[in-house]
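Biologist: Could you bring up the model, so that we can go through a pocket and a sheet together?

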Amino acid sequence: MMQIKNLNIIHKKDLRTILENFNLVLNDGDKAVIIGEEGNGKSTLLQWIVCPELIADYCEASGERILTSQKAGYLPQELPSKDCGKTIYEYFLDEPMFLEQTPKELGRTASEFGLPADFYYRDQSMETLSGGEKVKAQLLRLLLAKPDILLLDEPSNDIDLDTLEWLEKLILGWKQAVLYISHDETLIEHTANTIIHIEQIHRKTQCRYTVAHMPYGQYRKERLTQFAHQARVAANERREKKLREEKYERIYQGVAYAQASISRQCPAKARLLKKKMHAVKSMERRFAREDASMTEIPEEETAIFFKLGDEHTKIPEGKTVIDYSLEELSTPAKDRVLAGPVHLHLRGPQKLCITGANGAGKTTLLHKVAKELLARTDIHAEYMPQNYEELLTPSMTPVDFLDPSGDKEIRTKIRTYLGALKYTADEMDHTISELSGGQKAKIFLLKMSLSGADVLILDEPTRNFSPLSGPVIRQLLKDFPGAIISISHDRKYISQVCDKVCRLTKNGLEEYPNRKEEFAYETRTYDRYPIHSAAAAKGDCSIPGGTVRGIPPHDLAGY
């Protein structure tokens, strides 16, 4: 069991309260996911649970965490800088349990991750691994330590589709508690039986959290139903209040007029009117007490509002966007051939996604494609790398990066757009190094929009967007009138946005003939994956505005 009592976290720089009086109990079998918009403190919460000292530099925290003699295994969102310079072998040697494993056991575990048996012993530097390979290496070492509780920060980032399915099985089969952060909606729908939703409402001046013991689809449906009901009740109460106030005003004005008009020769009538005015004012006080207990208009943290592209960025149907060939694809150091002959052809406003195993060379290929397209003058291409720091300057603010000229009018426009992307005024003045991954990704989206690009080159474009913003981003990219060349393992993105999907293998690019069939995901996942806790099966959920009794999973067939 893991328990958190009365946790309070305050950001030191802008004094924003991230969590207030946060309480949580996780039992064996609970698969809890932390969701929320970018910059709401999801990773901060997970780091505090691992070790409060991890957030001491930028947050003040108070509270109690209880781990009943259990060993926690923590997967950070990024490979720690102290491990970047190590070889893969040195990295695994840091785990004492590594040397206690037999070659057979190590080989079996590596094969589950789609890695060769000799992966552990390579002299290759950790920092040269692909994004997915880094996640796999960290997960491998974490599991070698045989933890009881899993604390995973974005375990689905960058890993290939086969490993994503393996990760789902790992989470579902884990006997103890699992607490993870993910923006992969399919993974959340398939695995989570507890939802921890962290929000920042009223323009990020007030924090709120919800713990719901139910699957994500059910939580989302009940939350929308509860908010809609609360909004109707609040609207009805305010209509009744307006009618009551109008009636009260007529009564008050009538009594006041009668008092002003009465003659001094009628003291008995004056006393009667005085008593009546006293009763009217008493009624006003009673109405004020009733108004204080009115149902609040529900405040929900909304998704981003944004538009990408217009009629000027539309690519003609017959235009060849790229016709690119390579005899072979090698690593940047030219020490290893990744794929054989590669040919990439894209015409008109097509949306292409490149998939493939981790380490297959997808990012290397996209780098080469970006270099060629960015140099073209007949199109306007923009590039969003997997590692944002390739193009972002950590010491700059978002406004400085988007407008180095310092023009007041342009900066005002940029601040307005950043506000639409849910940046607060304080966050606009934070350095980029202080921002979350999702907030950095939004900078690229805004840069692409302001530039008027008609070709987007995107490496894992949805990996850092919350489940709330995810559908908005997918629709935005789907509606983009230009062409998109992307890498992704996001099953919803592939299914909903892309009309052409290729897999990079050692033999080159192979197109999937039936994209929809290959990557369509099943929305109704409740019968496919069991709910492991009694609370989740019962479906209780405390949602702002009241406690909702949940609908059992088998009653959600129509959702």
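Predicted model: local features only at pLDDT ≥ 70, side-chain atom pairs only at ≥ 80, totals over all residues.

Biologist: How much space lies in the second largest pocket?

Modeller: About 440 Å³, where a pocket is an open set of points on a 1 Å grid over the protein atoms alone where a 1.4 Å probe fits, with protein on both sides within 12 Å along at least five of seven lines, and the volume is the space filled by probe spheres set on the points.

Biologist: And which residues lie nearest its centre?

Modeller: R336, N358, G359, A360 and K506, out of 19 lining residues, a lining residue having an atom within 4 Å of a point. Strand 18 (500-505) gives the largest share of that lining, 3 residues, strands being DSSP runs of E with at least two residues, numbered from the N terminus.

Biologist: Switching to the sheet, what is the strand order?

Modeller: The order is 2-1-4 in an open, antiparallel sheet of 3 strands, where two strands pair if DSSP finds at least two bridges between them. Strand 2 (17-26) and strand 4 (59-67) each have a single partner strand, so one side of each is left without a neighbour in the sheet.

Biologist: How many bridges join strand 1 to strand 4?

Modeller: There are 8, with strand 1 (residues 2-11) running antiparallel to strand 4, and N8 stands opposite S62 in strand 4.

Note on methods. Residues numbered from 1 in each chain as written. Heavy atoms only, no water. Helix = DSSP H or I, 4+ residues; strand = E, 2+ residues; numbered from the N terminus.
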